[in-house]
Amino acid sequence: MPDASPEPKRSLIFNESLGQPGGVRDYIGLVVCAPSVERKLRSKHGLTADLVREAIQYPARVMLAWDDDPRHGGRLVVLGTTATGRQLVVWLVPTPEWDPDTDVWLIKTARWVR
C-alpha cells in the first residue's frame, strides 16, 4: 500500500545576499516573463510582470533563498516590495539554466504576501 502521507513543509532561510561561489549577487538583474505565465499571474494573483520587476529587479533591495523543490527543481525564491509598499514572493529560474553566472531570470510564478 503506497504511503499517502503529505509531503512535509520545507522552510526557507532568506538572506539579503547569497554571496557564495555560484550564488546570487546582492541584486536581481533582468527579469523576464513568458506570456503564458503573465496571463496566469494576472488572472490568478492580480499581478503583472511589471509589478514583479518593480519589486525585485535591480535597483530593488530583495531577500533571497534557494528552494530545491522535489517536484519543480531548484528555484530562487525572492521577497520584494513594490513602490506602494506591498510585498510579494517570486519564484525564478536562471536563464539559461546551465549558466551559473547569468544575470537574467525567468519568472515561474509569483503571488502577493497577504
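Strands (E, at least two residues) and helices (H or I, at least four) are DSSP runs, numbered from the N terminus.

**Entry 1: what kind of model this is.** I noted that this is a predicted model, in which local features need pLDDT of at least 70 and side-chain atom pairs count only at pLDDT 80 or more, while totals for chains, interfaces and linings use all residues. Residues are numbered from 1 along each chain as its sequence is written, and side-chain values use heavy atoms, with hydrogens and water left out. I then looked up the confidence, where pLDDT is the predictor's own figure for each residue, from 0 to 100: the mean for the protein chain is 81, and 76% of its residues reach 70 or more. Over residues 15-24 the pLDDT is below 50, and this stretch has 17 contacts in the model beyond near neighbours in sequence, a contact being heavy atoms within 4.5 Å.

**Entry 2: the elements.** I found two helices and five strands in the protein chain, and from the N terminus on they run β-α-α-β-β-β-β. Of the 114 residues, 34% are buried, where buried means under 20% relative accessible area, exposed over 50%, and partly exposed in between, with a 1.4 Å probe and protein chains only. Among contacts between residues at least 6 apart in sequence, 56% join residues at least 24 apart.

**Entry 3: the sheet.** In what order do the five strands of the open sheet lie? I read the order as E1-E5-E4-E3-E2, with mixed pairing. Strand E1 (30-32) and strand E2 (63-69) are the edge strands, each pairing on one side only, and the twist averages 40° from one strand to the next; axes here are lines fitted to C-alpha atoms, for helices over the stretch in contact, and angles run from 0 to 180 degrees between N-to-C directions.

I then followed the pairings across the sheet. E1 and strand E5 (residues 104-112) pair in the parallel sense over three bridges, and Val 31 has Trp 105 in E5 as its bridge partner. E2 and E3 pair in the antiparallel sense over seven bridges, with Arg 75 in E3 as the bridge partner of Asp 67 and Asp 69 standing opposite Gly 73 in E3; a hairpin of three residues joins E2 to E3. E3 and E4 also run antiparallel, joined by six bridges, and here Gly 80 has Leu 88 in E4 as its bridge partner. Five residues lie between E3 and E4 in their hairpin, and Gly 85 in the turn has a positive phi of about 95°.

**Entry 4: helix H2.** Which strands does helix H2 lie across? I found that H2 (residues 49-56) lies across E1, strand E3 (73-81), strand E4 (87-94) and E5, running at about 95° to E4. Its buried residues are Ala 49, Val 52, Ala 55 and Ile 56. Seen down the axis of H2, these residues fall within an arc of 125°, so they line one face of the helix; the arc is that of the directions from the helix axis to the C-beta atoms. They pack against E1, helix H1 (35-45), E3, E4 and E5.

**Entry 5: two threonines in loops.** Is Thr 82 buried or exposed? Thr 82, in the loop between E3 and E4, counts as buried at 6% relative accessibility. Not counting residues up to four places away in sequence, Thr 82 touches Leu 51, Glu 54, Ala 55, Leu 88 and Trp 112. The side chain of Thr 82 also makes a polar contact with the side chain of Thr 84 (3.0 Å); such a contact is a pair of N or O atoms within 3.5 Å, and within protein one must be able to donate a hydrogen and the other to accept it, with residues adjacent in sequence counting only if both atoms are side-chain atoms.

Thr 48 has its place in the loop between H1 and H2, and, leaving aside neighbours within four places in sequence, Thr 48 is in contact with Glu 38 and Arg 42. The C-alpha atoms of Thr 48 and Cys 33 are separated by 9.6 Å, with the two residues 15 apart along the chain.

**Entry 6: cis peptide bonds.** Most peptide bonds are trans. I noted a cis bond joining Tyr 58 and Pro 59, with omega about 20°, and Pro 59 is found in the loop between H2 and E2. The peptide bond from Thr 95 to Pro 96 is also cis, with omega near 0°, and Pro 96 lies in the loop between E4 and E5.

Key
Two strands pair if DSSP finds at least two bridges between them.
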